Amino acid sequence: MTSVLEIDKLTVSFSTPDGAVEAVTDVSLSVEAGECLGLVGESGSGKSQTFMAAMGLLADNATANGHIRLDSMDLLSASEKKLNTVRGERIAMIFQDPMTSLTPHMKIGRQLAEVLIEHQGVDKETGRRRSREMLDRVHIPEAERRLDMYPHELSGGLRQRVMIAMALMCEPEVIIADEPTTALDVTVQAQILDLLTEVKDDLGAAIVLITHDLGVVAGLADRVAVMYAGRIVEQGTVADIFAAPTHPYTQGLLACTPRLDVETEALVTIAGQPPNLQNLPSGCSFHPRCPHVFDRCKAERPSLENLSNGQAKACFRAAQEAAE
Amino acid sequence: MWAYFTRRLFIAIPTLWVVITVAFFLMRLAPGGPFDQEAPLPPEIMANLKAAYGLDQPLWWQYVNYLGNLLQGDFGPSFKYKDFSVTELIGQGFPVSIQNGAAALFIAVLIGIPLGAMAALRQNSGADHAAMTVAMTGIVIPNFVVGPLLALIFGIWLRDTMFALPVAGWNNGALPNRILPVICLALPFIAYIARITRASLIETLRTNYVRTARAKGLPFRMVVLRHAFKSAMIPVVTYLGPATVFLLTGSMVIETIFGLPGIGRYFVQGALNRDYTLVMGVTILAASLVIFLNLLVDMAYAWLDPKVRYE
Amino acid sequence: MSDAPIRDSRPGANLSVPNAAALDKAADVEGRSLWQDAFRRLQANRAAMISAIVLIVMAFVCFVGPVLVPWSYEEIDWDILEATPPNFDTGHYLGTDSLGRDLLARILQGGQVSFLVGILATSVALVIGVTVGATAGFMGGRVDQVLMRFVDVMYAVPLMFFIIILMVVFGRNFYLMFLAIGFVEWLTMSRIVRGQTLTLKNKEFIEAARASGGSTASIIARHIIPNVLGVVIVYVTLTIPQVILLESFLSFLGLGVQPPMTSWGALIAEGAQEMEITPRTLILPAVCLSTTLFCFNFLGDGLRDALDPKDR
């Protein structure tokens, strides 16, 4: 299969009064149709900014270098006008916070229909009918009535369903879900994840799932990429990564995730704080927090290297072990 | 919603009553009376004058009388303009002031909002900085400075050119007589509205829902007009409440400078002449106006922000 | 950035749980560098820095200058008795007004009045506003409701009219004017302080202080006030020019300071009478007043940007 969305050596930096800050460094990723890629990392690791760049939604003080290709079209160099022909139509995004991501003074129906009206030129009635069908499809009860409601009249879970419906309106090839469940109650989280699974199976779209929650990834993703301080540190299939994480950061992440099936005495944490992007540690950015650090890690930065099974990681220790 | 406004109206009445009562008793606390002049009047004339204006009655009776008359729309006789009642003076002055105020507000909205929006959409550009510096100038240079300066320029320096404009008098509302006062009154409004529009639109453009609208692939023009603009207008509408107060005080200066027969000038004259009934009448009118306009502003909210559905 | 801190309530989800001592230290460091950062940002703002310098120079000149001027503000030069252009021989460096009084001396005196009114009336507004706002925000409940309803009602009253009524009733007393203006300007201050106190009250570090047994007074003194200070400083800087403007407005209408005492507003009013003959008597005080207002506004905006980095 060929990849639908391909990110090639993406670097995103922000100019701030205190100098430039690189939020994403040299990231390469790709997703295929029908595949779900999980992108995992702490807050500030650059995982959201990577795909904000793809959507052309970076803040004004950001500059992005590299390539992001949707088929043959380079999204990074595309004009706003050209970008608007694919945004919402071929590539759509579901945002983190459904409470604030819908326009408060517009009725739900109008917000949904305008995507179709803009991209497919349908009339208002068709737009409304298909919006209702889409609300049915994401299992919103009493869809007809909801069309005439304002966002604040819906619960958080319903609003996130509306967001998903909005992303699905034009049946896009790529769906980016940025922390789609973070702002929701635990029970609602599970429902939204079920819905996303359904969408993935029905639509055959490529889904990018950005999250800090490995549990979410385990349930939904086929492949995982782990980001730390703006770089990808490990990549591979969900099965491989969960069974045999090789980067110490991924190992730490997995150890931190509380599991119901295993008795643990205490919660495990990764020591230390996420690094300050303005002042990254020398060598491997993770070395101050790494339990296995040795001299080379402080002096040199490990590059992302492919292993035989399709897994890739940026760590000297892992490379050393593999070589032995 | 109507229940809400009825309730608001019921709150407005006590507020107005407090204003009237405080103003009334403050006025009566004053040492010296309205008829004190450089040469003291003979006592019997003073007594007659006081009797004629009901000032010989007990204070509480004067108060009750005043309230009773107010309910019938009678603000009492003017102490200084002997042949006029305050109601008549207000009847003459109010239309002049309200016409100028409305014209100034209309011009301010018409110029201020597009100016602020343009600055917001080109944030930190040269045009933005230029517009905001001009706006700042409009705000900090008070209209009692701008007024005389405009009068100096158009009334004196350009006296013999085609740009000459009358700098004094109302002339029954002839257009040339209105131009300078209205410009003078509108300038700070333009500036405030432009600044508020800019700040508010910049903030709205950073919201998550505007990001969602952009992610849908809508043209930027549509994102701004359909998704951002309405929310961005909320602070501007809020400002229109205080703007009324501003307009009223502005009219005191403008009408004094340009010699217009409006309520602002009557108020200042009344204050300088200790014409108590006139001062009170204008104060009460101003307070009612402010309360009424704040109510209108609240109604506009309901339309701009569906979350504010008054129960 | 959408990568802003995401708080997940599940244990372990935030990966690192530093111990309390480390947190304390971190907060301490942040507290200090917040003000240092703000100061650095302010220094980088050229308009604000120039404004601050201009204001200091103007205030200095207004209060010290009269010593060096040969004429006092109320002295009439009986040899002149009319408006004249600048003349160094007679010591009227900026000329005289229509009564033959020295214009420079009068402008400096007017400046003193403006600066004094600005500071004194703002202090009155500050004391009332902070007290009411902090009380309402911190006590909450009925106290909050009553105080804020009162502020709402006051907002709906055209207070300018009441200041004028007060001036009429009690004569045009200089000190009464400070008080009257201060009593009007505290409203917004109280709302701002209340809002800030409310948000702070529910912040984690206040809850922590409460949980660790801090008394209400010590929480207000050690946590609320330092954190409200930034906003208050900004608002004070923006209130001073409003107050100066109000005083000038009253004096312009003849309802403020009384002759021979003068202020910039009164000078502008006098100048407007004679602008046809001597535009200088209008333009000079107008320039002084506008410059001062300009500088205070730029400084206030600069401080706000410096103390509130999200607005950058």
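In this predicted model, the contact between chain C and chain B draws on 42 residues from chain C and 48 residues from chain B. Together the two chains bury about 3700 Å², and carbon and sulfur atoms account for 81% of that area. On the chain C side, C:Phe161, C:Ile165 and C:Val169 supply 17% of the area buried against chain B, more than any other three residues.

The rule finds 1 salt bridge between chain C and chain B. It joins C:Asp301 to B:Arg195, with the closest N and O atoms 3.7 Å apart. Five elements of chain C each give two or more residues to the side that touches chain B: α4 (141-155), α5 (159-169), α8 (216-252), α9 (264-273) and α10 (280-307). Of these, α10(C) gives the most, with 11 residues.

Chain C also carries a nonpolar patch on its surface, made up of C:Ile53, C:Val57, C:Phe60, C:Val61, C:Phe63, C:Val64, C:Leu116, C:Ile119 and C:Leu120. These residues have about 780 Å² of accessible area together. Two helices of chain C, α2 (46-68) and α3 (103-139), each supply at least two residues of the patch. The largest share comes from α2(C), with 6 residues. One of the patch members, C:Val61, is found in helix α2 of chain C. C:Val61 counts as partly exposed because its relative accessible area is 38%, which lies between the limits of 20% and 50%.

In chain B, B:Met233 lies in helix α9, residues 220-258. B:Met233 is classed as buried because its relative accessible area is 10%, under the 20% limit. Leaving aside residues up to four places away in sequence, B:Met233 touches B:Ile113, B:Thr197, B:Ser200 and B:Leu304. B:Met233 and B:Ile153 are 80 residues apart in sequence, and their C-alpha atoms are 36 Å apart in space.

The two residues described by accessibility are set out below.

| Residue | Relative accessible area | Class |
|---|---|---|
| C:Val61 | 38% | partly exposed |
| B:Met233 | 10% | buried |

Key: Residues numbered from 1 in each chain as written. Chains lettered and ligands numbered in written order. Predicted model: local features only at pLDDT ≥ 70, side-chain atom pairs only at ≥ 80, totals over all residues. Heavy atoms only, no water. Patch = residues over 30% accessible without salt bridge, like charges linked within 9 Å, V, L, I, M, F, W, Y side chains within 5 Å. Areas by Shrake-Rupley, 256 points an atom, 1.4 Å probe, with all protein chains shown as cover. Salt bridge = Lys/Arg side-chain N within 4 Å of Asp/Glu carboxyl O. Helix = DSSP H or I, 4+ residues; strand = E, 2+ residues; numbered from the N terminus. Buried < 20%, exposed > 50% of the residue type's maximum accessible area, 1.4 Å probe, protein only. Contact = heavy atoms within 4.5 Å. Buried area = accessible area lost by both parts, 1.4 Å probe.
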